[in-house]
Amino acid sequence: QILRVDTLLTLWTRAYNNTVPGPTLRVRPGDVVQIRLVNNLGADPAGRAPANTYRMPNTTNLHVHGMHVSPLGHSDNVFAHVPPGSERMYRYELPWDHSPGTFWYHGHLHGSGTLQVGGGGAGVLIVEDPPNSIPEPYASMPDRVMMLQQLPVPSLTAVKNYSQGRLFHLQHHASGRSGLEN
């Protein structure tokens with residue numbers, strides 16, 4: 001995916017729905033959440049790499065960090081593989097008494113998580129408070145969702161090169177300057 005940071009920088013990275021961070025998901029305790037993860041990343045480099053190394057940079061999966069859901073089957077199974085060109089349906093059954101709060105989701109495949117999460121492939125997942133559980137004036141306050149992410153470009157470039165990945169690149173545009181401006 002290509003992310004235009006501003007007029008000075010273009011970043012090629014892995015992202016959910018072409019945004020960094022990915023879309024904010026809102027659910028309620030007791031919900032059954034179904035997510036179709038489609039892997040449109042290019043092919044992985046040929047060959048096999050040993051476990052616990054940077055490998056399979058374009059194979060992914062989905063993990064809902066901190067949620068109280070099953071790790072089995074098509075739920076929060078961090079051992080599942082979604083290879084390039086394939087898809088997987090995830091089904092999360094939230095308990096009726098799941099704690100409200102702000103959580104996050106991201107790819108969690110060992111060997112590719114550094115490039116995917118470090119490159120911005122993550123998003124916010126909010127389990128909302130039950131109706132009428134927050135007193136006024138707090139209940140009517142507007143939500144402001146903020147997810148801070150650092151993109152450690154030198155480290156991610158090194159991992160990309162080691163894993164023979166092709167999708168992570170930061171391009172500085174000719175302007176006489178580099179960096180971000182406000």
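**Before you start**

Because this is a predicted model, local features need pLDDT of at least 70 and side-chain atom pairs count only at pLDDT 80 or more, while totals for chains, interfaces and linings use all residues. Residues are numbered from 1 along each chain as its sequence is written, and side-chain values use heavy atoms, with hydrogens and water left out.

**Stop 1: the whole chain**

Show the protein as a cartoon. You will find two helices and nine strands; here helices (H or I, at least four residues) and strands (E, at least two) are DSSP runs, numbered from the N terminus. Following the sequence, the pattern reads β-β-β-β-β-β-β-α-β-α-β.

Of the 182 residues, 37% count as buried. Buried means under 20% relative accessible area, exposed means over 50%, and partly exposed is in between (1.4 Å probe, protein chains only).

How much of the contact picture joins residues at least 24 apart? Among contacts between residues at least 6 apart in sequence, the share is 71%. A contact means heavy atoms within 4.5 Å.

**Stop 2: strands side by side**

Select residues 63–65, which are strand β5, and residues 101–106, which are strand β7. These two pair in the antiparallel sense over three bridges; strands pair if DSSP finds at least two bridges between them. Show the side chains of H65 and W104: H65 stands opposite W104 in β7.

**Stop 3: pairs of opposite charge**

In general, side chains of opposite charge can pair when their charged atoms come close. A salt bridge here is a side-chain nitrogen of Lys or Arg within 4 Å of a carboxyl oxygen of Asp or Glu. By this rule the count is five.

Select D143 and R26. Their closest N and O atoms are 3.1 Å apart, and they form a salt bridge. This pair links distant parts of the chain, with D143 in the loop between β8 and α2 and R26 in strand β3 (residues 25–27), 117 residues apart. D143 is exposed at a relative accessible area of 51%, while R26 is partly exposed at 39%.

Next, select E87 and R36, whose side chains meet in a salt bridge (3.1 Å, N to O). Distant parts of the chain are linked here too: E87 is in strand β6 (residues 87–93) and R36 is in strand β4, 51 residues apart. E87 is partly exposed at 47%, and R36 is exposed at 53%.

Then select E93 and R91, a salt bridge with its closest N and O atoms 3.2 Å apart.

**Stop 4: an arginine with no salt bridge**

Go to R55, in the loop between β4 (32–38) and β5. Is R55 buried or exposed? R55 is buried, yet has no salt bridge. D44, the nearest side chain of opposite charge, is 8.7 Å away; for charge, Lys and Arg count as positive and Asp and Glu as negative, with His and the chain ends not counted. Leaving out residues up to four places away in sequence, R55 touches A49, P50, H110, G111, S112 and S163.

**Stop 5: nonpolar side chains on the surface**

Select I134, Y138 and M141. They form a nonpolar patch on the surface, with about 320 Å² of accessible area together. Patches are made of residues with over 30% relative accessible area and no salt bridge, joining like charges within 9 Å and nonpolar side chains (Val, Leu, Ile, Met, Phe, Trp, Tyr) within 5 Å.

Y138 lies in the loop between β8 and α2 and is exposed at 54%. I134 is in the loop between β8 and α2 and counts as partly exposed at 34%.

Finish at F79, in the loop between β5 and β6. F79 is exposed, with a relative accessible area of 69%.

Note on methods: Accessible areas come from the Shrake-Rupley method with a 1.4 Å probe; for residues, only the protein chains shown count as cover.
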